[in-house]
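My notes follow in the order I made them.

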Amino acid sequence: MTQLCNQHGGVNLAQGFPDFPVPRELKEAAKRAIDEDFNQYSITWGAPALRRAIAEKARTFNRIACDADANVTVTCGSTEAMMAALLAIINPGDEVVILEPFYENYGPDVIVSGAKPVYVQLREPDFTFDPAELRRAFGPRTKAIIVNTPHNPTGRVFIAEELDQIASLCDEFDCYCLTDEIYEHIVYDGREHISIASLPGMAERTVTISGLSKTFSVTGWRVAYAIAPEPVTSAIRKMHDFLTVGAPHPLQIAGAAALALGESYYQGLRRDYERRREVLLEALRAAGFDCREPEGAYYVMTGIQKFGFSDDTAFAQWLVREVGVAAVPGSSFYKKGTSGRHQIRFTFCKTEETLGEAGKRLQHLQERLRGRKS
Ligand code: PLP
């Protein structure tokens, strides 16, 4: 969609990368780290200063017992953390439960690791799972479940009751929980992000994945981490070594400086995203979309049934060509060729200016639709 968007001079509300600058402190810290010659390989599993900062943040923000030497592996993005974690725990014949819709990588990640994905639907309109259906997905071959909260693409922030249900299944079936919490600081309307590893007994069976990309608007830095029990960490570190050797050293050092920013940084982040969420929701609703307000992360998943297209891809392509706004077809977030054809996903990790321009273009949606029919 990004390529098509560029071809048509569209406003890119498809791919989830911010178009606003990185906090100045982080730029300075990265430049300083290069000047101070942190330019060679770091320790494979992460520069000590960053691991110490991650462990401290895990203890205070996520409420997970975490030791920098025993539990933390720094990776090239949470994308690598998920892959390394799966490669670390999967044996041939294992199954991994994935809640659907899901961030596009999880399905391929599970297959590449040699396991079989087992999908469980998050049901509209609230994108909640049916506990009985989730239970039926677990069995003797289940090795893990992948959880993502706050959730891409639906904007769900899972509540304690839902996480308790998942935790008790992990306990009953003796399996791992791989939790992707990359949007942990982007929650709205006073909601609380809960890390499943903080629930009783879960730290021993959870790999908690997060990183700098979304919290500090540095998706190009490729610095993230996995927090896991010691034996799992040992296996993750081996996989990480074979995959990438190490994350960029100067950016790890700058990452430690990022994690030292105070609470006001996170308040500002949430406030800015809350405002951007309002701008996009208003524009989409004015154009005729029925939107569910996201509880966290920076995406809006909307229905497109009433616009008269055969599927989501046809609509997304038409939208960028005729209206000049790019979104992602909803089916990208489901296993191939199944659901999501009635949805598309917009992102609002963009300046208010960019979102305003998208809003202006979307005002022409109904008129273009009428033109298409006549
Ligand atoms: N996990 C989720 C749920 C995402 O939405 C994204 C990016 O969109 C990522 C992971 C990628 O994170 P990273 O840049 O740390 O690889």
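I began with aspartate 180: an N or O atom in its side chain is 2.6 Å from a nitrogen atom of the ligand. I keep in mind that this is a predicted model.

Next I asked how much of the ligand the protein buries. Taken alone, the ligand exposes 400 Å², and the protein buries 92% of that.

For threonine 79, a polar side-chain atom lies 2.6 Å from an oxygen atom of the ligand. For asparagine 152, I noted 2.7 Å between a side-chain N or O atom and an oxygen atom of the ligand.

I listed the surroundings. The ligand has 14 residues around it, and the closest are Thr79, Asp180, Tyr183, Ser213 and Arg222. Sorted by class, this shell has 6 polar, 5 nonpolar and 3 charged residues.

I checked where the ligand sits: the space it takes is the largest pocket. Helix H5 (77-89) and helix H9 (212-215) are the elements that give two or more residues to the shell. H5 supplies the largest share, 3 residues.

Last, I turned to charge pairs. Side chains of opposite charge can pair when their charged atoms come close. I found 26 salt bridges in a search of the whole structure. One of them joins the side chains of arginine 59 and glutamate 56, at 3.1 Å from N to O. Why are arginine 59 and glutamate 56 separated by about one helical turn? I put it down to their places in helix H3 (residues 48-62), because they are 3 residues apart there.

Technical notes. Residues are numbered from 1 along each chain as its sequence is written. This is a predicted model: local features need pLDDT of at least 70, side-chain atom pairs count only at pLDDT 80 or more; totals for chains, interfaces and linings use all residues. Side-chain values use heavy atoms; hydrogens and water are left out. A residue is near a molecule or strand if one of its heavy atoms lies within 4 Å of it. A polar contact is a pair of N or O atoms within 3.5 Å; within protein, one must be able to donate a hydrogen and the other to accept it, and residues adjacent in sequence count only if both atoms are side-chain atoms. Accessible areas come from the Shrake-Rupley method with a 1.4 Å probe; for residues, only the protein chains shown count as cover. On a 1 Å grid over the protein atoms alone, a cavity is a set of points where a 1.4 Å probe fits but cannot get out, and a pocket is an open set with protein on both sides within 12 Å along at least five of seven lines; lining residues have an atom within 4 Å of a point. A molecule sits in a cavity or pocket if more than half of its atoms lie within 2 Å of its grid points. Helices (H or I, at least four residues) and strands (E, at least two) are DSSP runs, numbered from the N terminus. Ala, Val, Leu, Ile, Met, Phe, Trp, Tyr, Cys and Pro count as nonpolar, Asp, Glu, Lys and Arg as charged, and the others, Gly among them, as polar. A salt bridge is a side-chain nitrogen of Lys or Arg within 4 Å of a carboxyl oxygen of Asp or Glu.
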